Amino acid sequence: MAQYASILFSMILVNNFVLVKFLGICPFLGVSKRFSSAVGMGGAVTVVMVLAIAVTWPIQQLLVAWDLEYLQTIAFILVIATLVQLLEMVLKRFMPPLHKALGVYLPLITTNCAVLGVATLTVDEGYTYPEALVAGLGAGLGFLLAMVIFNGVRRRVDEAEPPEVFRGMPITLISAAITAMSLMGFSGVIEHLFGA
Amino acid sequence: MSKEAALTPGKGHAPEADAPVTEAGATSWKAEFSKGLLAENPALRQMLGLCPTLAVTTAVTNGIGMGLATTFVLVCSEVVVSLLRKVIPGSVRIPAFITIIASFVTLTMMLVKAYLPALDEALGIYLPLIVVNCIVLGRAEMFASKHGPALSALDGLGMGLGFTGSLVLMSAIRELLGAGTLLGFRVMPSFIEPMLIMITPAGGFAVLGVLIAISVWFERRGAEPEGRPAGEPSDTLCAACPLNCGVNDPNRVNCADGSLAEQLRRFEERVERGLAEKNDVGGDV
């Protein structure tokens, strides 16, 4: 149990996908202006990440068995793109409320580097199937956390009046830097807590 | 190559739309190459491919390696997309482009693994992630699918080198300030303590923010102040779109005619509607 908790929390806090590993920067900067869209995007990414791991992990085993590991990147990106498309159709048909909440963000996730990143990462780390699923969940929740924190920061920044050349993207990136600093304090904490 | 050319119906005799016409010929070739270097620099001006820009720029060697790998993928995939542009049906073009790009990324990964194992180690998962780099898919969709192979190759080379340039600039600043070295050689005198923050993620965000501000400053000098702050991502989800095409920018001719602009507009409307409905039901915080 401890190893799952360790993976989960280290994915959320220590190896946060956005603020430490720089994956999924585009939605992080683009969709974090409004609280509702930040949460919606975070939720959609979490769901897609767990599902993507659930599908790509067995595929990786097949590729290894057939000695086709070099196809990993192509196979993963196509499977993820198809999965997202399928998920949108299924949600639309069977779960309209959820589709209303997450649906609009799904097309954006198809080529989001965070999703392909987490699939590749679990392969590189050699996780077992349950470990990989927990890592996917952790990565998604970490993304959600970063979006929510950054939305709070950004609403303050939007009220401020920085020098003219810093308006827009530059000041957003600098506030992201300060947000990233806040997560640096967690490194080492997880090892201490779970003895991993 | 010849096989792909043969697959393209009527390619031989149909007048090429991209052939840089008549008197302005030479300048047009040059313009397609040089626009990526500064005026439309992917990382600093178009804010594309920010993930690798932030992630691998802790040392100059990584920056060069990542930049050249991306350039290789850009040039090759743009040429192939351009050769196949009349064969690929419009409705499946994005998956087709992704497959082409992924093939070249796999090729690059194999080459790097075989000949530059140290670089492979340093770049880690960011090397396969070139597949989802917005620059590559964006150029395939916006340029290569509308122009001939030679111009597309030039466009890819210009964009790739512009991207490499910004990676090198960024990694030089971070390595110099964060470790006191350049390309691994000690440059800073030993009494200046290295600022470790520069090679942490926080330093990456801060350096990129300052660099973009400087590039905005250069752009603004002498120019009329505009209403919209430069580099401001549009209020809608456009900025998060993998095909970030600057659809809101009236000066960009690339998107004005294509169906992409229309698609994005419809998508934005959908998002706005979705958000409005949600707000009515749940109440926003």
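The model is predicted. Chain A has 10 helices and zero strands, whereas chain B comprises 11 helices and two strands. The largest nonpolar core has 127 residues, and residues from chains A and B are named among those with the most contacts inside it.

**Chain A**
- From the N terminus on, the elements of chain A run α-α-α-α-α-α-α-α-α-α.
- The C-alpha trace of chain A spans about 60 × 45 × 30 Å along its principal axes.
- Of the 196 residues in chain A, 55% are buried.
- Among contacts in chain A with a separation of 6 or more, 76% link residues 24 or more positions apart.

**Chain B**
- Along the sequence, chain B follows the pattern α-α-α-α-α-α-α-α-β-β-α-α-α.
- Buried residues account for 44% of the 285 residues in chain B.
- Of the contacts in chain B between residues at least 6 apart in sequence, 73% join residues at least 24 apart.

**Helix H5 of chain B**
- Helix H5 of chain B covers residues 93-115; its end C-alpha atoms are 33 Å apart, in agreement with the 33 Å that 23 residues should span at 1.5 Å a residue.
- The buried residues in H5(B) are B:Phe97, B:Ile98, B:Ile100, B:Ile101, B:Ala102, B:Phe104, B:Val105, B:Thr108 and B:Val112.
- These buried residues pack against helix H4 (72-94) of chain A, and also against helix H4 (60-83), helix H6 (117-123) and helix H7 (134-144) of chain B.

**Nonpolar core**
- Within the largest nonpolar core, the residues with the most contacts are A:Val48, A:Val115, A:Leu116, B:Ile101, B:Val131 and B:Phe205.
- Helix H8 (residues 129-159) of chain A gives the most to this core, with 12 residues.
- A:Val115 is in contact with A:Val48, A:Met49, A:Ala52, A:Ile80 and A:Ile109, leaving aside neighbours within four places in sequence.
- In soluble globular proteins, nonpolar side chains tend to be buried together.

**B:Asn41**
- B:Asn41 is in the loop between helix H2 (25-34) and helix H3 (50-55) of chain B.
- B:Asn41 counts as buried because 21 C-beta neighbours lie inside 10 Å, the threshold being 20 or more.
- Not counting residues up to four places away in sequence, B:Asn41 touches B:Gly36, B:Gly162 and B:Ser166.
- From B:Asn41 to B:Val105 the separation is 64 residues in sequence and 22 Å in space, C-alpha to C-alpha; B:Val105 is one of the buried residues of H5(B).

Note on methods: Residues are numbered from 1 along each chain as its sequence is written. Chains are lettered from A and ligands numbered from 1 in the order in which they are written. This is a predicted model: local features need pLDDT of at least 70, side-chain atom pairs count only at pLDDT 80 or more; totals for chains, interfaces and linings use all residues. Helices (H or I, at least four residues) and strands (E, at least two) are DSSP runs, numbered from the N terminus. A residue is buried if 20 or more other C-beta atoms lie within 10 Å of its own, exposed if 12 or fewer, and partly exposed in between; C-beta atoms are placed from the backbone. Two residues are in contact if their C-beta atoms, placed from the backbone, lie within 7 Å. The expected span of a helix is 1.5 Å times one less than its number of residues. A nonpolar core is a set of buried Ala, Val, Leu, Ile, Met, Phe, Trp, Tyr and Cys residues joined through C-beta atoms within 7 Å.
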